[in-house]
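This briefing looks at pockets and at one helix pairing.

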Amino acid sequence: MTNQGEIARAVVSGAAATPGPERTAIFEAVRADRDGPVTRLLLELTDAEALRTRVAAIELLCELAEFGQTWPVVGEHAEAYLVDREPSVRVAAATLFVATRDAETVSARLPDLADPDVRLAAVTALHARAGTFDETFTRLLEDGDPAVRVVAALGMLPVEGLPWAWLQALNEAISADLPAAVRRGGPGARNWGSAWAWRLARHDHEDECQEIVRRLLADEDPHVRRVGLDMASAAIRLWRTAPVELLPALAEVAAGTDPELRAETLRVLRLSDELWRAAVDLWAAEGGGPVPTGEPAAPAPIEAVPDLDAVFAARRPPGGRTEVDAWLAEQPIEAVTHRRRVGRALVGLMACGGLTERQGRQAMALFEHETVLKYELAGVVWRHRGALDAGIGDRLVAELSAVAGDRYVGEHALPVLADMGRRAVGALPRLTALIEDRRRLPVNDSTAEAEIRFDETRRAQLVVVRDRIVADIP
């Protein structure tokens, strides 16, 4: 779609704001020519008579802005709209202004903008350009609007090397301004809690974060408690200790009479299986509680560490090894075109009596490649050579313990370490460190629940592997 009339209709109708061919065509055209005809058309639409069209065009331009890159032709228009007669245009333009203008212009203009809603939108947008506007954040700590001061203080928290006294002062300033600021901040204020927690995590201020959560959850203002719940959800996602430390405060909010707060608290409690189990036990011990009908009484069981023989058996060739042996004999030692098929065939053959000498060399050749297949074959290498070759055994311990906490290859490493028993004693320091770490294992999954579930599952599996190794030591 390159017809300007169609583009204009897509912006006016709202089609350009949602995934679809119209939006894709606009993005492709602007990427091809940043200051070309489509960009100029969008700038014309920012002056349209209909307010909705003006705001839609500005918001679309903001999405088209490239991270960390100025866009002068657009930024100049955005700067002009900061004092537009329409409040919604001013607020939308603030984000576009921050995204497209140079740091010097933004820093000079922002603190002096008269409209506090525009300053709030702009200082919120500054968070996407962290490290560039530390001085601007500092100036805005003295802003006349409490919401602006809170967001500016949150922007200062991630600064590297910030003295402890400064961190304390910023936390105290946010706490003092929060009751007034949260009402000014609108729906977006609910996310301040998680932003606060993640910034404290950069300095590893776990205890400070949890203390702030408890204080917010005990506040009389329901708006402040909502920020506390948002902060609690982030703390539970970040630290393994948070479920234990925050359960009493969360349980008290869940027992309250506010149905919205109660529902949100139950959602936070269900983020962690360990936390939910503890909450159910607490309410049962108290003779009832706020658990609604139909809620699950317990989380799903933790997935066990599979036995290495079971791993091999799952790949066992259904027709036996005769055909597989013949096919592998046709493949070179250094497999290139059928690596994955060769690797899986080798794993399956371990359930059919093991590998021939040539197949063992094929396994070692694949094991040398830094791919997921390397770790899938670790058990094959261990059973075929590791028990007889101390060098291979030591290498397996070092490489497998290094990835024991990994989301994708750790699941292949753990059964091998468990099978190695006393020969994996060198893995104990790494396994123990992963088990005892107060922070959750790093993973990027689809939801907070999935990330926490992974950490709790993997930690339980690590305990099993560690205990098997220790039990095998004479």
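The second largest pocket has a volume of about 290 Å³, where a pocket is an open set of points on a 1 Å grid over the protein atoms alone, at which a 1.4 Å probe fits, with protein on both sides within 12 Å along at least five of seven lines. The model is predicted, with local features needing pLDDT of at least 70 and side-chain atom pairs pLDDT 80 or more, while totals for chains, interfaces and linings use all residues. Residues are numbered from 1 along each chain as its sequence is written, and side-chain values use heavy atoms, without hydrogens and water.

**Second largest pocket**
- Its lining consists of 15 residues (an atom within 4 Å of a point), and Leu120, Thr124, Gly185, Gly188 and Trp192 lie nearest the centre.
- Helices H8 (116-126), H10 (146-156) and H12 (192-202), being DSSP runs of H or I with at least four residues, each give two or more residues to this lining.
- H8 provides the largest share, four residues.

**Largest pocket**
- About 600 Å³ of space lies in the largest pocket, and Glu303, Pro306, Glu411, His412 and Arg458 are the closest to its centre among 27 lining residues.
- H27 contributes the largest share of that lining, six residues.

**Helix pairing**
- The axes of H13 (residues 206-217) and H15 (residues 242-254), lines fitted to C-alpha atoms over the stretch in contact, come within 10 Å and cross at roughly 5°, so the two helices are roughly parallel (an angle under 35 degrees).
- The contact (heavy atoms within 4.5 Å) involves Gln210, Val213, Arg214 and Leu217 of H13, and residues of H15 including Glu245 and Leu246.

Conventions
Axes are lines fitted to C-alpha atoms, for helices over the stretch in contact, and angles run from 0 to 180 degrees between N-to-C directions. Angles under 35 degrees count as roughly parallel, over 145 as roughly antiparallel, 65 to 115 as roughly perpendicular and the rest as oblique. Grid points are joined across faces, edges and corners, and a volume is the space filled by probe spheres set on the points.
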